[in-house]
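Subject: Structure for you to look through

Hello,

I am passing on a structure for you to look through, and my notes come after it. Please keep it open while you read them.

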Amino acid sequence: MTPRTTVTVERARARVASFDRVTAASDTGAQGLRRAAVCLAIVGDGETGTGVLLTMRSATLRGNPAQYALPGGKLDPGETVEQAALRELHEELGLRLPPGAVLGLLDDFVTVSGFVITPVVMWAGAPDPLAPNPDEVDEAYVVGLDEVDAECRIIDSDVGPVFQWPFRGDHVHAPTAAILHQFREVVLHGRTTRVGHLGQPRFTWT
């Protein structure tokens with residue numbers, strides 16, 4: 001079946017380049033916040049993207065076990081967010097991309113758990129077979145852009161309103177859901193939509 005929702009590398013690059021991103025305050029270190037990066041790796045055939053990569057974190061991890069997540073993690077000393085995202089993609093899924101695969105950045109997202117996450121949009125094209133690292137990843141998914149282009153919802157919880165994105169009979173929550181929603185808005189629809197205010201459920205606070 002031909003995907004209904006696609007994006008070309010040229011359009012994705014142009015939309016991310018024209019997006020006026022919001023960055024976290026430059027003094028985040030003084031506030032005790034740690035820097036992290038996640039990658040929104042667009043996969044597809046040739047110059048047309050049809051999906052992005054998503055993981056289920058290993059149930060044995062100390063932080064956020066058995067949760068849906070974009071490939072990513074903390075910055076090593078001296079790393080840029082782009083370098084960290086590319087490194088984490090390789091460490092988690094065995095996918096090595098060159099620096100030129102990076103298309104740009106979305107808004108920084110500050111988490112309740114004390115991280116400033118920078119989403120890095122990159123073009124993976126038709127990658128080699130994924131090789132998930134079992135120490136970090138229980139399952140890897142290629143999420144069709146049809147699935148990404150879904151209406152999300154805000155529900156009540158014990159910590160107030162939280163944000164959910166529907167995924168294959170389940171739900172993904174902020175921050176991952178919020179970042180995917182902004183990717184949908186910016187890359188798929190060319191809209192400037194902010195997500196930093198979207199609520200995160202308690203189980204993502206660790």
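This is a predicted model: local features need pLDDT of at least 70, side-chain atom pairs count only at pLDDT 80 or more; totals for chains, interfaces and linings use all residues.

Residues are numbered from 1 along each chain as its sequence is written, and side-chain values use heavy atoms, with hydrogens and water left out.

Helices (H or I, at least four residues) and strands (E, at least two) are DSSP runs numbered from the N terminus, and two strands pair if DSSP finds at least two bridges between them. In the order β10-β11-β12, three strands make up an open sheet with antiparallel pairing. Because β10 (153-155) and β12 (170-173) are at the edges and have a single partner strand each, one side of each has no neighbour in the sheet. Strand β11 (residues 162-167) is joined to β12 by four bridges, and P166 has H171 in β12 as its bridge partner.

Across β11 and β12 lies helix α4 (residues 176-188), which runs at about 70° to β11; axes are lines fitted to C-alpha atoms, for helices over the stretch in contact (heavy atoms within 4.5 Å), and angles run from 0 to 180 degrees between N-to-C directions.

Most residues other than glycine have a negative phi, and most peptide bonds are trans. In the loop between β11 and β12, however, R168 has a positive phi, near 50°. A cis peptide bond with omega of about 15° joins A174 and P175, and P175 sits in the loop between β12 and α4.

A pocket here is an open set of points on a 1 Å grid over the protein atoms alone, where a 1.4 Å probe fits, with protein on both sides within 12 Å along at least five of seven lines; lining residues have an atom within 4 Å of a point. The largest pocket is lined by 39 residues, and R57, G63, N64, G72 and F115 lie nearest its centre. Among the elements that each supply at least two residues of this lining are β12 and α4.

Best wishes
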